[in-house]
Amino acid sequence: MHFIWKEWKENIRGKGLWLAIGTIILVSVLLLVRSTSLSYDQGLYILLINLFDTLIYFIPILYLFMGAFSIFQEKEQKTLVMLLTKQESYWTFLAKKSFGMHLVLLTPVIIWFFLFLIPLKIFFKADIGTYLVFVLSITVLMLVFTQIGALVGSISRSRMQIAGIAVILWFYFFFLHDFALLSIIQDVTHENVKLFSIAYFLNPIQAVRMYLETGVGIYSFGHMSRLLKSFMWLQPGAFLGASFVFWMAATFISSVLLHRKEGFE
Amino acid sequence: MPFPEKGTAAQNLQAVIDSAKDGEIIQLESTSYIGNIVIDKPLTLIGKKGTIIEGDGKGNVISVRASGVTISDLKVTNSGMDRNSPEEYAAFKVYTDGNIIRNIVIDHSFHGVYLSKAHDNTIENVSVKGLGKGEIAAQGNGLHVYYSNGNLLKNNFIEGTRDGMFFDYANDNKALNNKITKTRYGLHYMYSDRNEFKNNIFTFNTGGAAIMHSNQLKLENNQFIFNYGHRSFGLLVLSANENNIENNTFYMNQRGLYIDQSTDNLIRSNHLSQNQIGIELWASSNEQIFTGNTIQENTIPAVTLGGTGRNDWSLEGIGNDWGRSFPLLDLDQDGVGDSPAIYKSSLYELIEDQELVYLFLKSPAINIYEKLNQLLDHDKTMFEDQYPLVNRRKSTPYLPAIIIIAVFATAIFAKRRKLLCISFGKNGRKI
């Protein structure tokens, strides 16, 4: 419990949390203002898709930074060494720290999104199930990138390293991963499409997008070809779940194995 | 003629119809009547709130076999759903001309209203609810028009059927002000000529409207929104010629307009925005004219696949407004760009060869892919608009982006040194 309290106090003193929440609130409100002229029936769907498409520019990089700097701060302030010397192993420390980070970073955003539902109910025909799918999608994105950030913070020795790695990772998930798949897409056949599918959904951004668009009912896979059926060998929710578990587990294990105890700035 | 007795009503509806005189008005009660019924003389059947005619689940609930029949203000349910039967069943099966079906709710039926060689009928304010997207193949169409001409279908609402409205060998019909959602194709024309569809709204369908092997149609003021699935489109024009497609809105579809093997269609003053592909133009599509359209904020504005047909991107000096993605000068202020709008893309090969590429159309990686291929000279001209429009372009800046950038800039420059690190670490204190 004290981990959560400590995390909360550190974050409200820092600027990162406010910057992230401020950005999310600003983007949401601006898009809502732009969307008020949309039709009552379809407005919610259009707004949510546009909001998601805008937020994916910010959420990965912001939460990468927040996760990374939150871990690195423990090194800077020597609390990590103290904890590891006394009662904690790195994995118990990271488990508690990750839990605290996720709770502190997520809660204000989720509260905001439930407040945001009020104007949505006024302007549009707001289906709660659809909205929950959207909130869950954003939540998964934040969880994954915070945890990847925790890995970055665990392995980095300096804040410059963190900034560099975080930007490279953001660039990778945002551009390079898809670009690499696009470069080999012409070699995809029925025999290897499952591998391609795994690689595609390993990008959490694509997994979340697919889940969101099918979950709110705007994207359908009706009348699929054989190739596409092979590609979609699981439900979008299952792909998202698998991608989520993979990244959470992989980054957690990598953090424990590759962590460095101290930074030098 | 009011219905005789409430209690026995359910058993006697057919008997009452049989005993009615030509032109008689039968007022139904707020109760449930057992179908199936056959109307073989001109009469008027009027229900009220709570009036239901329930079929036996084995045939057509109401068969209209006389001209001049009017049926209104009731609910019809439970037609036969058997796909192996010699006949396709419907809540209403109309075999005759000049009938009116109005203010009707239909559910649990294979087809909603089926016009079979029936002409000059009016289907108005009919609501057909199908079984939903999971059951698309197992059910029929909302309104099915078969070998029937001159019918008027207006103000209907159709949800979750196979096709919303299906026209098969049906000419000179009008579909006005209908709303169709969550179907396979909202509107589907096969071998049907000279039909009009105006002011309809198509949302969340696999395909908004599909015009196949049909000529000389008029499509005006329709909205195609969120027809967004993997194979979706706002409007498909397949082997269809000489159609007028004007003033329609295509918004957030997988493809706005999808044209294949079609000739001589006029596409004028439509608004295509935020589609994955604005216009997908396949091989053997020639002589289309695109003029006065606003085509902007699509991932790909227009793509020609399987070879380049002879299509015109302007008419009499009026091209199309391609939005901010085509910065153009208009020094003489005549509303037409001083240079042509030319769009080159390398994606056409991928789209032709590999359907999975549609999964990436929203990815920012597409831009990198295009730029890289541009450098390597692997791209090809998709269209060349000699007279692109510039006068209608909005000069309003992209306000949200500017504000967000301003927030970041302020946050960063306010701190002056090691800003990013200070913002995120050290409890926000300078070091």
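Mentor: Let us start with handedness: a crossing is called left-handed if the near helix is turned anticlockwise from the far one by less than a right angle, and right-handed if it is turned clockwise. Please keep in mind that this is a predicted model.

Trainee: Which hand does the crossing of H8(A) and H11(A) have?

Mentor: The crossing of H8(A) and H11(A) is right-handed.

Trainee: And at what angle do those two helices pack?

Mentor: Helix H8 (residues 193–202) and helix H11 (residues 236–258), both of chain A, pack at about 65°, and their axes are 9 Å apart. H8(A) and H11(A) are therefore roughly perpendicular to each other.

Trainee: Which residues meet there?

Mentor: H8(A) contributes A:Ser197, A:Phe201 and A:Leu202, which meet A:Phe239, A:Ser243, A:Phe246 and A:Trp247 of H11(A). By class, that contact has five nonpolar residues, two polar residues and no charged ones.

Trainee: What about H5(A) and H6(A), at what angle do they cross?

Mentor: Helix H5 (residues 90–123) and helix H6 (residues 128–155) of chain A cross at roughly 150°, and their axes come within 9 Å. That makes H5(A) roughly antiparallel to H6(A). Their crossing is right-handed, and the residues of the contact divide into 21 nonpolar, six polar and one charged.

Trainee: H5(A) also packs with H1(A). How are those two oriented to each other?

Mentor: Helix H1 (residues 2–13) of chain A crosses H5(A) at roughly 50°, with the axes coming within 9 Å. H1(A) and H5(A) are therefore oblique to each other. H1(A) passes H5(A) in a right-handed crossing.

Trainee: How many charged residues does that contact have?

Mentor: The contact of H1(A) with H5(A) has five charged residues, along with ten nonpolar and two polar ones. Among the residues that meet are A:Lys6, A:Glu7 and A:Glu10 in H1(A), and A:Lys96 and A:Lys97 in H5(A).

Trainee: Changing topic, how much area is buried between chain A and chain B?

Mentor: About 5200 Å² is buried between chain A and chain B, and carbon and sulfur atoms give 69% of that area. The contact takes 53 residues from chain A and 49 residues from chain B.

Trainee: How many salt bridges are found across that interface?

Mentor: The rule finds two salt bridges across the interface of chain A and chain B. In one salt bridge, the side chain of A:Glu213 meets that of B:Lys362, at 3.3 Å from N to O.

Trainee: And over all chains, how many?

Mentor: A search of the whole structure finds 17 salt bridges. B:Asp163 and B:Arg184 form a salt bridge, their closest N and O atoms being 2.9 Å apart.

Trainee: Where do those two residues lie?

Mentor: B:Asp163 lies in strand E15 (residues 163–168) of chain B, and B:Arg184 in the loop between strand E17 (179–181) and strand E18 (185–190) of chain B, so the pair ties together parts that are 21 residues apart in sequence.

Key:
Residues numbered from 1 in each chain as written. Chains lettered and ligands numbered in written order. Predicted model: local features only at pLDDT ≥ 70, side-chain atom pairs only at ≥ 80, totals over all residues. Heavy atoms only, no water. Axes fitted to C-alpha atoms, helices over the stretch in contact; angles between N-to-C directions. Helix = DSSP H or I, 4+ residues; strand = E, 2+ residues; numbered from the N terminus. Parallel < 35°, antiparallel > 145°, perpendicular 65-115°, else oblique. Contact = heavy atoms within 4.5 Å. Nonpolar A, V, L, I, M, F, W, Y, C, P; charged D, E, K, R; others polar. Buried area = accessible area lost by both parts, 1.4 Å probe. Salt bridge = Lys/Arg side-chain N within 4 Å of Asp/Glu carboxyl O.
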